[in-house]
Amino acid sequence: MQDESAIRDRIEALRAEYDSHDPPSSELEDEAEVAILRAIEELEWVLEQREEDDPFTI
């Protein structure tokens, strides 16, 4: 599993990618935007789970 800083870096990269497609100009960009948002949510969920499992390693 990746360390927290790598996950946070990935979230920022995904947010930048999301912002570059806002507003979506095609159906493909709209689908990409949904996929990016899901990936961000999944990565944030991983971080939350890690914090709940071991709250002392921040």
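Tutor: Let's start with E44 and R15, whose side chains meet in a salt bridge at 2.4 Å, N to O. Keep in mind that this is a predicted model.

Student: What makes the pair E44 and R15 tie together separate parts of the chain?

Tutor: E44 sits in helix α2 and R15 in helix α1, so the pair joins parts that are 29 residues apart in sequence.

Student: And why is the contact between E44 and R15 called a salt bridge?

Tutor: The cut-off is 4 Å between a side-chain nitrogen of Lys or Arg and a carboxyl oxygen of Asp or Glu. E44 and R15 come in at 2.4 Å, N to O, so the pair counts as a salt bridge.

Student: How many salt bridges are there by this rule?

Tutor: Three. R15 also pairs with E12, at 3.4 Å from N to O. That value is within 4 Å too, so the label holds. Then there's R8 with E4, where the closest N and O atoms are 2.8 Å apart.

Student: Which residues are linked in a network of salt bridges?

Tutor: E12, R15 and E44.

Student: Why are R15 and E12 separated by about one helical turn?

Tutor: Because they are three residues apart in helix α1. R8 and E4 are likewise about one helical turn from each other, being four residues apart in helix α1 (residues 4-20).

Student: How do you know whether R15 is buried, partly exposed or exposed?

Tutor: Set the number against the limits: buried is under 20% relative accessible area, exposed is over 50%, and partly exposed is in between. R15 has 32%, so it is partly exposed. E12, at 49% relative accessibility, gets the partly exposed label as well, and so does E44 at 27%.

Student: What about R8 and E4, buried or exposed or in between?

Tutor: In between: R8 has a relative accessible area of 39%, and E4 has 22%. Both values fall between 20% and 50%, so both residues are partly exposed.

Student: Where does A32 lie?

Tutor: In helix α2, which covers residues 27-53. A32 counts as partly exposed because its relative accessibility is 27%. Its C-alpha atom is 9.4 Å from that of E17, which is 15 residues away along the chain.

Definitions and conventions
Residues are numbered from 1 along each chain as its sequence is written. This is a predicted model: local features need pLDDT of at least 70, side-chain atom pairs count only at pLDDT 80 or more; totals for chains, interfaces and linings use all residues. Side-chain values use heavy atoms; hydrogens and water are left out. Helices (H or I, at least four residues) and strands (E, at least two) are DSSP runs, numbered from the N terminus. Buried means under 20% relative accessible area, exposed over 50%, partly exposed in between (1.4 Å probe, protein chains only).
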